[in-house]
Amino acid sequence: MTQTGSSAPDRAPVLELEHVTLELGGRTILRDAGFVVNQGEFIGVLGPNGAGKTTLMRAVLGLVPASSGAIRVLGQPVERGHASIGYMPQTRSALAGRRVRGRDFVAMAADGHHWGLPLASASTRAEVDRVLDLVGGSTLAKRPLSELSGGERQRLLLAQCLLGNPKLLLLDEPLISLDPHHQKSVVELVRRVQQELGIAVLFSAHELNPLLNSLDRVLYLGSGVAALGTVDEVITRPVLSRLYGSPIDVMRVNGRIFVMSGGVEVEKHDHEHEQDEDGGHGHSHSHGHSHGHSHPHDSHDGHTHDV
């Protein structure tokens, strides 16, 4: 399946996939996939563990080459270090123990590579002030990461991603390990910033419901297939049964959607069976202005989460 539903033709394409096949470790992750993400769209990226959510983002970053087909960002072939992409990789508890101040943490990403406290230029300081203000993080600037909640740390991670005015944000599972209250605040923050800047966002998650009131369309991956469309177009029994390769039921209760298989909620089952929800994968500073730069820890992506 390729794109389901309309693609807002009045908006310029930010991300285009044409007949893309992605393979990893001898396994086909995506097969002949094609879709378009447009300027100003908030796209929720969902699918079972191993479906390819992280691999897709790494391919857009130019870190995983497509076996066939073409991936374009703003009309140009993907390349490493694309300045128009802001990337937040999956993070774990390593940030919680760091004593670095919030402001210095954001500034570390300004040059994209070097650890250690930066000797920021006036222009860098102004840019850090700008992104902190965008995410409402100015009050967090003087506090060490170790004193911040998970939601507050995600606020600073988003600030990093916004350095350099990217046109596309790739946010890989930013809700992991957050309680429902902080999940809601992070989603609302991303949506507000996305709408204010008019940028496109791919926001991957284990569960649909935290994103339900914010997303424009959903990109669901499974069995090598990508289905992109509105919630009503994609979150259906026929589409999801094909993506999961087994019978799936979709239940709507009190404004929430439950994806079920044999009486078990599929998304919750996937989440509970991750090998490691909160350990081992430290966050690299370089992603906010990693805008496509690779991370020192990226090679560990496959150990707990989606491939």
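The mean pLDDT of this predicted protein model is 83, and 78% of the residues reach 70 or more, pLDDT being the predictor's confidence in each residue, from 0 to 100. Local features need pLDDT of at least 70 and side-chain atom pairs count only at pLDDT 80 or more, whereas totals for chains, interfaces and linings use all residues. Residues are numbered from 1 along each chain as its sequence is written, and side-chain values use heavy atoms, with hydrogens and water left out. Over residues 273-307, pLDDT stays under 50.

Strands are DSSP runs (E, at least two residues) numbered from the N terminus, and two strands pair if DSSP finds at least two bridges between them.

Strand β9 (residues 217-222) pairs with β10 in the antiparallel sense over five bridges.

In strand β10 (residues 225-229), five of five residues are buried, that is, under 20% relative accessible area with a 1.4 Å probe, protein chains only. In a regular strand the side chains alternate between the two faces of the sheet. Both faces of β10 are covered, with Val225, Ala227 and Gly229 buried on one side and Ala226 and Leu228 buried on the other.

Methods: Contact means heavy atoms within 4.5 Å. Buried means under 20% relative accessible area, exposed over 50%, partly exposed in between (1.4 Å probe, protein chains only). Helices (H or I, at least four residues) and strands (E, at least two) are DSSP runs, numbered from the N terminus.
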